[in-house]
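Welcome to a short tour of this structure. Please take a look at it below, and then we will walk through a few of its places together.

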Amino acid sequence: MTAFKKIEDHLRKEAKNLLEGGKVTLVLAYARGFDEKHPVPCVVKAAADADHLVFNEYCTYNMARYLTRYPVGTKIAVAVKGADSRAVVQLIQEGKVRRDDLVILGIPATGMKNQKTGEVIDAKTTASTINPVLYDVLLGDEIHGVKAGSPYDVLAEFEGMDKDARWAFWKKEFERCIRCYACRKACPMCYCDPCFMDASRPRWADKSPTDDGTLMYHLTRFYHLAGRCIDCGECSRACPVDIPLHLFHKKVAKECEAMFGQAAGMNIEDKPAMANFKGEDSDQMLG
Amino acid sequence: MSFEPKILGIACNWCTYTGADLAGTTRLKYPQNLRLIRVMCSSRINPSFIIRGFQLGADGVLVGGCHPGDCHYGTGNLYARRKLAITRKILEFAGMEPGRFRVEWISASEGNKFAEVVGEFTNQVRTLGPQTKFKITKDGQ
Ligand code: SF4
Ligand code: SF4
């Protein structure tokens, strides 16, 4: 079991020290929302505010999402759980943030819960990375002996489906999309400004939530996240109509890993898979 | 009337498109179902082109580039191979018939291969019938 209280205390202490010592200008973590079951993302800039920070099982937000909002060179401390730390690594690989600008506060956590449903988030949804892969300070003890399970097991059901059934499934899911773009907003890797969906020349897709525009949006977004999605699941949790976007992202991640031999955000020395090629790539991948 | 598929072809300037030219100048026959678009390199192909092609009514999409190692720009098609491979997986997972999308490396001297591939692919798509999944039918443009 994750010692949430201990992590919270440690988080407050670290945040305070870092801000007081002038090591960072802001700390990205969590604060209490309207009750403790609904924490909110929080940016702390003054040491005195560090006591507002919280950490509990509902702190699912991926705070790496906020890194790219600040100019490169801003000194930032960021609280990250397992998958979130992979987002930081991926952002470093992509040159969007610099390792030297960051103090990474790693949080090993299991038993996180979905704010909407109260369900425990496991590998079926998106908790396959338990311990942060990169950190400066670890706010809790590393967790060993808990089997996270493969992030891809949940896909078997969909891979086993007939293609027409799969199309029917996604069509039905996408039909509910209201194009609020919360998925894009929640995703740490969706930092493009403007997003291709907001472009008017070329106009890739309808701005209003027509079925074909939605299809274009999602398929392109799945492609844009290829080799970059770190399986935090924030897209699905952010979605107001509960479209299981993470399933599709998992599938793309699985194929990327199989074809290109690397999972996203595991190593800062890696090059992003889609901005790279290797001698051993073969035409087999074209199927 | 029997079904005649619309095939969208996207070919790189230096190899496949030149191969198509060669097929033409050597008077080879290939089906007229193909609408060929020329891009400077296969790595120029944004996967959204392919999705858009299907949406606007293509029954099949054929992408052509230089053989790996022969790219005019050195490595363009090596990046393209990865992009197109993942595009293929995405189309499949969305439920598109895998047979409607194909990537072929065709060099400038392979006019024969170009004609053969187009013929083969067109027949394959013809047997699959009209593509209805992505095709825009009502609103939208
Ligand atoms: S696509 Fe979803 S699961 Fe993947 S990194 Fe973005 S928010 Fe996380
Ligand atoms: S969050 Fe859900 S409803 Fe909003 S754009 Fe994304 S998929 Fe559509």
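A cavity here is a set of points, on a 1 Å grid over the protein atoms alone, where a 1.4 Å probe fits but cannot get out, and a molecule sits in one if more than half of its atoms lie within 2 Å of its grid points. There are 13 residues around ligand 2, and those that come nearest are Cys177(A), Cys180(A), Tyr181(A), Cys183(A) and Cys239(A). To be near, a residue needs a heavy atom within 4 Å.

The shell around ligand 2 has eleven nonpolar residues, one polar and one charged. In this scheme, Ala, Val, Leu, Ile, Met, Phe, Trp, Tyr, Cys and Pro count as nonpolar, Asp, Glu, Lys and Arg as charged, and the others, Gly among them, as polar.

## How to read the model

This is a predicted model, where local features need pLDDT of at least 70 and side-chain atom pairs count only at pLDDT 80 or more, while totals for chains, interfaces and linings use all residues. Residues are numbered from 1 along each chain as its sequence is written, chains are lettered from A and ligands numbered from 1 in the order in which they are written, and side-chain values use heavy atoms, with hydrogens and water left out.

## Ligand 1

Ligand 1 takes up the largest cavity. Among the residues that surround ligand 1 are Cys187(A), Cys229(A), Cys232(A), Cys235(A) and His249(A). Its shell divides into seven nonpolar, two polar and three charged residues. Cys232(A) counts as buried, at 11% relative accessibility; buried means under 20% relative accessible area with a 1.4 Å probe, protein chains only.

## Cysteines of chain B

How many disulfides does the structure hold over all chains? There is one, a disulfide being a pair of cysteine sulfur atoms within 2.5 Å. Cys15(B) and Cys66(B) form it, with their sulfur atoms 2.4 Å apart. The two are 51 residues apart and link distant parts of the chain. Both ends are buried: Cys15(B) at 9% and Cys66(B) at 2%.

## A buried glutamine

Gln90(A) is buried, at 0% relative accessibility. Beyond its neighbours within four places in sequence, Gln90(A) has contacts (heavy atoms within 4.5 Å) that include Met189(A), Arg228(A) and Pro272(A).

Terms used. Helix = DSSP H or I, 4+ residues; strand = E, 2+ residues; numbered from the N terminus. Buried < 20%, exposed > 50% of the residue type's maximum accessible area, 1.4 Å probe, protein only. 1 Å grid on protein atoms, 1.4 Å probe; cavity = no way out; pocket = protein on both sides within 12 Å on 5 of 7 lines; lining within 4 Å.
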